Amino acid sequence: NQNNHSLVIKVSYGAASFLFTGDLEVPAIETLLERDTIRPLLRSDVWLVGHHGASNGTTPQLLAAMSPQIAIFSSGDPSIQAQWTAWAYGHPRRSVVEMIDHAIHRNRAAPVDVLVADGAKKFSTYHLVHALYSTAWDGDIDVTATPDGGLKVTTSK
């Protein structure tokens, strides 16, 4: 599976850090977590959620290793009715949003009701308080970091 060959990239800026796990799926996530030298490097402040929030792209063990303050889903614009979009495949999945929501304790600027996938092309409302953002809900997302670890999120919606 080509998704399991995704690059995992960590970017640090002073005390702030960002983790990008690509489209890794459970088998590759488990392999990543088995490596004792890599596991401590996964701790990050901001995480671009793997595989667009697909049900096979996040595990509780990965979340525990990262301990992010902010999670971002790249899932596209739901108003675009193209065949090959993360949104059309049903990402982000409710189970993943709930799992990440329970792991993150930082709040959004204001609570918001968003649509999450219950299946492919099947969505329902989810009340979001914590710092989970998505291109589907928030449009463009800009995270600004300061060398002392400060993080500011702005969105286009």
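How many residues lie between β8 and β9 in their hairpin, and which residue in the turn has a positive phi? Five residues lie between them, and Gly149 in the turn has a positive phi of about 95°. Strands here are DSSP runs (E, at least two residues) and helices are DSSP runs (H or I, at least four residues), both numbered from the N terminus. Two strands count as paired if DSSP finds at least two bridges between them.

This is a predicted model, in which local features need pLDDT of at least 70, side-chain atom pairs count only at pLDDT 80 or more, and totals for chains, interfaces and linings use all residues. Residues are numbered from 1 along each chain as its sequence is written, and side-chain values use heavy atoms, with hydrogens and water left out.

Five strands form an open sheet in the order β1-β2-β3-β4-β7, with mixed pairing. β1 (9-13) and β7 (132-134) stand at the edges with a single partner strand each, so one side of each has no neighbour in the sheet. Neighbouring strands of this sheet are turned by 15° against each other on average, direction ignored. Axes are lines fitted to C-alpha atoms, for helices over the stretch in contact (heavy atoms within 4.5 Å), and angles run from 0 to 180 degrees between N-to-C directions. Helix α4 (residues 94-103) lies across β3, β4 and β7, and runs at about 165° to β4.

| Strands | Sense | Bridges |
|---|---|---|
| β3 (residues 46-48), β4 (residues 70-73) | parallel | three bridges |
| β5 (residues 107-119), β6 (residues 122-130) | antiparallel | eight bridges |
| β8 (residues 141-145), β9 (residues 151-155) | antiparallel | five bridges |

Val46 has Ile70 in β4 as its bridge partner, and Val143 stands opposite Val153 in β9. The hairpin of β5 and β6 has two residues between the strands, and Lys121 takes a positive phi near 60°.
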